[in-house]
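The structure is shown first.

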Amino acid sequence: MGRLHSSALRLTDRVYRIVKVSARTMSASPPCESPQTQHVQRAKCLFCRICDGLEPSNIVHQDEEFVVFPDIRPAAPHHYLVLTREHITDAKCLTREHIPLVEKMTTLSKEVLVTQGGSPDTARLGFHWPPFHSISHLHLHIIAPESEMGLIGRAMFKSNSFWFVTPEKVIEQLQKKA
Ligand SMILES: [Zn+2]
Ligand SMILES: [Zn+2]
């Protein structure tokens, strides 16, 4: 095995351990919000506060349903988060009815990437899969170009791993939900 390859493996292993440890210290994945608890959660949630204009951020797109801004720790030259204005805890809380929402988020992420000068053909897209997320508010990552992602970024945002799932995979799983 080449030296580069084995160091990449070690790094992936390290990220995996970090992800595992943070999942343990994060306590159990928070429950999905009900309409009754939505407003309470909203005041405490950083991403809701950004959507409500209560926290500074560099918003690049907003409409009635979504807000898009750059990731504070970009994994490549283009790295944006598409948030739902509605507080949805995570991808595991989605139901079949949310399929059009996931599709819209995906289309919007690519449109924003283009307006920012990136190319969707080279992008990596995905949602964190619980309990592997730091902020419990549904958001889609779009990162481009993939070729410029570092080793840690590649491991953190590894497509269809235990912790990062592509929109296609999420839709596929939602289609199977009753
Ligand atoms: Zn929120
Ligand atoms: Zn994230």
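## Helix H4 and strand E3

In this predicted model, the buried residues of helix H4 are covered by elements that include strand E1 (61-62), strand E2 (66-70), strand E3 (78-84), strand E4 (124-128), strand E5 (139-144) and helix H6 (167-176). The residues of H4 that are buried are Val102, Met105, Thr106, Ser109, Val112 and Leu113. They cover an arc of only 135° around the axis, which puts them on the same side of H4. Pro100, Glu103, Val114 and Thr115, by contrast, are exposed and lie on the face of H4 that is turned away from its buried side.

Following H4 comes Gly117, which has a positive phi, near 95°.

Strand E3, one of the elements covering the buried residues of H4, is itself mostly covered, with seven of its seven residues buried. On one side of E3 these are His78, Tyr80, Val82 and Thr84, and on the other His79, Leu81 and Leu83, and both faces are covered. The pairings of E3 are set out below.

| Strand pair | Sense | Bridges | A bridge in the pair |
|---|---|---|---|
| E2 and E3 | antiparallel | five bridges | Val68 with Val82 |
| E3 and E5 | antiparallel | six bridges | Leu81 with His141 |

Note on methods:
Residues are numbered from 1 along each chain as its sequence is written. Chains are lettered from A and ligands numbered from 1 in the order in which they are written. This is a predicted model: local features need pLDDT of at least 70, side-chain atom pairs count only at pLDDT 80 or more; totals for chains, interfaces and linings use all residues. A residue is buried if 20 or more other C-beta atoms lie within 10 Å of its own, exposed if 12 or fewer, and partly exposed in between; C-beta atoms are placed from the backbone. Helices (H or I, at least four residues) and strands (E, at least two) are DSSP runs, numbered from the N terminus. The arc is that of the directions from the helix axis to the C-beta atoms. Two residues are in contact if their C-beta atoms, placed from the backbone, lie within 7 Å. Two strands pair if DSSP finds at least two bridges between them.
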